[in-house]
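Visitor: Please take me through one part of this model in detail. I would like to see what surrounds it and how the pieces connect.

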Amino acid sequence: MQEKTVDMDTIVSLSKRRGFVFPGSEIYGGFGSFWDYGPLGVEMKRNVKDAWWRAVVHRRDDVVGLDAAIIMHPAVWKASGHVDGFIEALVECKVCHQRFRQDQLEGGTCPSCQGLLTEPRWFNTMFRTFVGPIQDDASVAYLRPETAQGIFANFRNVQIATRRKLPFGIAQIGKAFRNEITPGNFLFRQREFEQMEIEYFVRPGTDDEWHQRWIRDRFEWYVSHGVKRENLRLRPHESDELAHYAKGCADIEYRFPFGWAEIEGIANRTDFDLRRHSTASGQDLTMFDEQSGEHILPYVIEPSAGVDRAFLVFLIDAYDEEPDKEGTRVVLRLHPRIAPIQVAVLPLSRNAKLVPTAREVWGQLREHFVTSYDDAQSIGRRYRRQDEVGTPLCVTVDFQTVEEDRAVTIRDRDTMDQVRVPIAELVPALRERLFD
Ligand code: ATP
């Protein structure tokens, strides 16, 4: 049975209404598919990045982190092949004048009006800027179109500073910019976005095995953070679609409302980048390999993911609607490590007897969890509001709490089950439900 999937408009409007994502520069009518993350979105985006960092840096002993500058020496982009090769073919409809990326069209005519298309024009999608006060050809620089090159340019620094031996990896999260011809589908294709990339350096000859291991690890990362397995698939690249630097590549794809599309690519980049930078910079980027007793240029496996695409996948995959007494309950079944708020503290009402205890509980929980406090409107409405933003657990303070037992109710988002727990045991009880 094909599961009912949510449409993009529902996700976009929930995102705006509840403060996950706003259209960029909206008071000026929006601007070029740029998006801003709101109060809940910024929490959730940080959680996506933290979950990734935890999995690929903190929980491993063979990967270290880096945070390189967005603007690098223009020679980097010459050596990497981007100045000459990071180009897209743009075609324009002769009738309605819409523009398209030629490789994204299925037929030879305009997908909107079937008009004839112009001959393709080649267009470099790197953003150009100038460094320093004089704006001439000598001061041209680029906003990085991928974070990877910051890692290659620092390969030797990191290796010497950390005395790493092969295999080892360098991970980085940061903004990347591409002047996409046709941005769209909400966060999926933007001109400013964020990447989470690892360059994992290995001994040549072990690269195929490491490639397979990273493909498996990265696929399971999405599943272990709550994405349904049946909505994910692996798609190995055909040899004619491989990037100029790659020996092999597999995409992790997600079943979006608009079809299957890439969320992460895992490529075997061989020694292409280190070799090119070595030649262009004149620096020796080889490493002494104790096993062979020779200096070698490592091969590299690159798992490259988009933060915004992962964010969108978590949001879409978690979205659920179910009938209830008041019509429909909208619930985001987000993983507790991804949900923007982990616990909401709700006094049964604004009654002056309840509020001090509820605020005391809130103060206690804030030290351990991302916690919010809400006392506006009926308790039922407040549960619904928390369900809609994916808060896994609510803690309710009622009259019994203050008059009798110093215990509170924990209410579960998914099952709606309620259990009573003494305030003194609340922190471990919540931790167990969230993270065990
Ligand atoms: P596409 O074919 O969709 O343009 P790509 O193959 O060029 O993507 P890569 O260069 O492999 O993408 O980039 C690695 C990751 O960065 C992608 O898997 C995606 O998650 C993210 N990414 C790339 N371009 C964008 C974009 N314009 N907006 C948001 N995320 C992006």
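Guide: A residue counts as buried when its relative accessible area is under 20%. By that cut-off, eight of the nine residues of strand β12, residues 248-256, are buried, so the strand is largely enclosed by the rest of the structure. The model is predicted.

β12 has a partner strand in β11, residues 232-236. Five bridges join the two, and they run antiparallel. Within that pairing, L232 stands opposite Y254 of β12. β12 also pairs with β13, residues 259-270. Here nine bridges form, again antiparallel. G248 has N268 of β13 as its bridge partner. The link from β12 to β13 is a hairpin of two residues.

These strands belong to an open sheet of seven, with mixed pairing. Its order is β3-β9-β10-β16-β13-β12-β11. β3 (63-66) and β11 are the edge strands. Each has a single partner, so one side of each is left without a neighbour in the sheet. On average, neighbouring strands are turned by 25 degrees against each other, direction ignored. In a regular strand, side chains alternate between the two faces of the sheet.

β3 pairs with β9, residues 168-177, in the parallel sense. Four bridges hold this pairing. In it, G65 stands opposite A171 of β9.

The loop between α6 (155-162) and β9 deserves a stop. P167 lies in it. The peptide bond joining L166 and P167 is cis, with omega about -5 degrees. R163 lies in the loop between α6 and β9 too. R163 is not a glycine, yet its phi is positive, about 50 degrees. At 71% relative accessibility, R163 counts as exposed. For context, most residues other than glycine have a negative phi, and most peptide bonds are trans. S33 is another non-glycine residue with a positive phi, near 60 degrees. S33 sits in the loop between β1 (21-23) and β2 (35-37). At 25% relative accessibility, S33 counts as partly exposed.

Back to the sheet. Helix α7, residues 207-224, lies across β10 (192-202), β11, β12, β13 and β16 (299-306). Against β13, α7 runs at about 150 degrees.

Next, the nonpolar core. The largest one has 58 residues. Those with the most contacts inside it are F20, M196, Y222, F256, L312 and F314. Of these, F256 brings us back to β12, which spans residues 248-256. Helix α9 gives the most to this core, with nine residues. In soluble globular proteins, nonpolar side chains tend to be buried together.

Take F314 by itself. Setting aside neighbours within four places in sequence, F314 is in contact with M44, V48, W221, Y222, H225, V227, L334 and I338. Apart from this core lies another, of 21 residues, among them V355, V397, L426 and A429.

From α2, the contact uses G41, M44, K45, V48 and K49. From α9, it uses V307, D308, A310, F311, F314 and L315. By class, that contact of α2 with α9 has seven nonpolar, one polar and three charged residues.

The other is α1, residues 8-17, against α9. Here the axes are 11 Å apart and the angle is about 105 degrees. α1 and α9 are therefore roughly perpendicular as well. M8, I11 and S15 of α1 meet L312, L315 and I316 of α9. This contact of α1 with α9 has five nonpolar, one polar and no charged residues.

Finally, the setting. The chain has 436 residues, and 50% of them count as buried. It holds 13 helices and 23 strands. Its C-alpha atoms fill a box of roughly 75 × 65 × 55 Å along the principal axes. Among contacts with a separation of 6 or more, 65% are between residues 24 or more positions apart.

Notes:
Residues numbered from 1 in each chain as written. Predicted model: local features only at pLDDT ≥ 70, side-chain atom pairs only at ≥ 80, totals over all residues. Heavy atoms only, no water. Buried < 20%, exposed > 50% of the residue type's maximum accessible area, 1.4 Å probe, protein only. Pairing = 2+ DSSP bridges. Contact = heavy atoms within 4.5 Å. Nonpolar A, V, L, I, M, F, W, Y, C, P; charged D, E, K, R; others polar. Axes fitted to C-alpha atoms, helices over the stretch in contact; angles between N-to-C directions. Core = buried A, V, L, I, M, F, W, Y, C linked by side-chain atoms within 4.5 Å. Parallel < 35°, antiparallel > 145°, perpendicular 65-115°, else oblique.
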